Amino acid sequence: MTEPIEPDELSPEDGPLLARLEAMFSEADPAPAEAVALAKASFILRSLDAELAALVEDSESESAEPAGSRAMAVRGPGAAPQPRQLTFQVVDERGHDEVVIAVQVEAVGARRRLTGHLAPQGPATIEVRQTASAQARSVDADGRGLFIIDDVLPGPMSLTLRRAGSPAVATQWTLV
Amino acid sequence: MSDSEPADDMALLVGKALGGDHAAWNRIVDRYSGRVWAICRVHNLGQADAADVFQQTWLRALENLAALRDPDRFGAWLGTTCRNEARATLRRGRRTQPVDDTWLLDREAGPDGDPERPVLMAARDSELWGAFSQLGTRCQQVLRVLVVDAEDRRPSYELAATALDMPIGSLGPTRKRCLNQLRRFLTEGIDGETRES
């Protein structure tokens, strides 16, 4: 933000009116106390020891929105929705892929099922963290690096990948 | 938290939070929660989606804290992140069932009184509410997002500009124009009849 900011040209009666508006909103539609408490509590969810795998591809992001008919087809009423594909990636200093965590998100009832694969392949432990559930859960990825996590609650989630001999990798928090 | 600190202290709070000070993080959340919530709401998110986007925005802030020491940058970053998450959520339409509460600002004044107006609202506020809901969407957005900024007497234009996708220099003039219109609705009455007051 380098643009200069216009000086405010508020008239003397604007101040009280702004204050009334502010009071009205904080009365009628404040940030819910539970949401604020959860945001504060999320401090303990920091991944202190893990490398961050950024979300580099999201099949439902704006830029990834296919221009063609495919998007129309899958969005039509009654059509089976195309599962959302997320790709998280750690890139090393030389710009090479270090770790890729690819995840497909499907709605199963009110929950989500995550089906994923890892590159490089190989066994690993995947931990799923959510703000909505106090306990982190773990699943094992098989020898080919495939894993399934059921019963993920809708909302923010992050996966932590742990492998013997490698630093832990945590995905960017993502709303599913 | 009753007091609000000067903007310079944001860098200090972020530094403390990075060092593991949970209380410092709590103060950051307290300080910006109203604004982040307002951004969720001006994007027409229902209560459940707004709560998710709110959480997601804070989790991402935590993830990126090291890069957010500059207070202006922090506000702009929060505004951008919250806006993007809100838009993505709307696009996905994750929760297709009707939300339990329509967006605050969508409630229209009914012919005789306003059934959807929050019940406990004081008469004085309810008059303001009626006038506010007559404003155009852009005015409602600017007044909602910038009004919460007023809490620390340092309107964070950076946050509002990114959250609403508006040039930073147009916010002040837009707010000015919207306030004038709001005042006109208030003094003239919503139906245009002159009130004695």
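Biologist: Is the crossing of α2(A) and α2(B) left-handed or right-handed?

Modeller: The crossing of α2(A) and α2(B) is right-handed. A crossing is left-handed if the near helix is turned anticlockwise from the far one by less than a right angle, and right-handed if clockwise. Before we go on, this is a predicted model, in which local features need pLDDT of at least 70, side-chain atom pairs count only at pLDDT 80 or more, and totals for chains, interfaces and linings use all residues. Residues are numbered from 1 along each chain as its sequence is written, chains are lettered from A and ligands numbered from 1 in the order in which they are written, and side-chain values use heavy atoms, leaving out hydrogens and water.

Biologist: What are the angle and the axis distance for α2(A) and α2(B)?

Modeller: Two packed helices are described by the angle between their axes and the distance between the axes. For α2(A) and α2(B), the angle is about 145° and the axes are 9 Å apart. (Axes are lines fitted to C-alpha atoms, for helices over the stretch in contact; angles run from 0 to 180 degrees between N-to-C directions.) On the α2(A) side, the contact is made by A:Val36, A:Ala39, A:Lys40 and A:Ala41. On the α2(B) side, B:His22, B:Trp25, B:Asn26, B:Val29, B:Asp30 and B:Ser33 take part. Contact here means heavy atoms within 4.5 Å.

Biologist: How do α2(A) and α3(B) pack?

Modeller: Their angle is about 20°, and their axes are 9 Å apart. The two helices are therefore roughly parallel to each other. (Angles under 35 degrees count as roughly parallel, over 145 as roughly antiparallel, 65 to 115 as roughly perpendicular and the rest as oblique.) The crossing of α2(A) and α3(B) is right-handed. Here α2(A) contributes A:Ala35, A:Val36, A:Leu38 and A:Ala39 to the contact, and α3(B) contributes B:Phe54, B:Gln55 and B:Trp58.

Biologist: Which residues of α2(A) are buried?

Modeller: An α-helix has 3.6 residues a turn, so residues three or four places apart point the same way. In α2(A), residues 33-41, A:Ala35, A:Val36 and A:Ala39 are buried. They fall within an arc of 100° seen down the helix axis, so they line one face of α2(A). (The arc is that of the directions from the helix axis to the C-beta atoms.) Look at the other side: A:Ala33 and A:Glu34 are exposed. Buried means under 20% relative accessible area, exposed over 50%, partly exposed in between (1.4 Å probe, protein chains only).

Biologist: What covers the buried residues of α2(A)?

Modeller: The cover includes two helices of chain B, α2 (22-42) and α3 (47-63).

Biologist: How many helices and strands do chain A and chain B have?

Modeller: Chain A has three helices and 10 strands. Along the sequence, chain A reads α-α-β-α-β-β-β-β-β-β-β-β-β. Chain B has eight helices and zero strands. (Helices, H or I and at least four residues, and strands, E and at least two, are DSSP runs numbered from the N terminus.)

Biologist: Where is A:Glu127, and is A:Glu127 buried or exposed?

Modeller: A:Glu127 sits in strand β5 of chain A. With a relative accessible area of 17%, A:Glu127 is buried. Leave aside its neighbours within four places in sequence. A:Glu127 then contacts A:Ala136, A:Arg137, A:Ser138, A:Ser158, A:Leu159, A:Thr160 and A:Arg162.

Biologist: What is phi for A:Asp151 and for B:Asn44?

Modeller: Phi of A:Asp151 is near 60°, a positive value in a residue other than glycine. A:Asp151 lies in strand β7, residues 146-152 of chain A, and is partly exposed at 46% relative accessibility. B:Asn44 also has a positive phi, near 65°, and is not glycine. Find B:Asn44 in the loop between α2 and α3 of chain B. B:Asn44 is partly exposed, at 42% relative accessible area.

Biologist: Is the peptide bond from A:Ala119 to A:Pro120 cis or trans?

Modeller: That bond is cis, with omega near -5°. A:Pro120 is in the loop between β4 (111-119) and β5 (124-130) of chain A.
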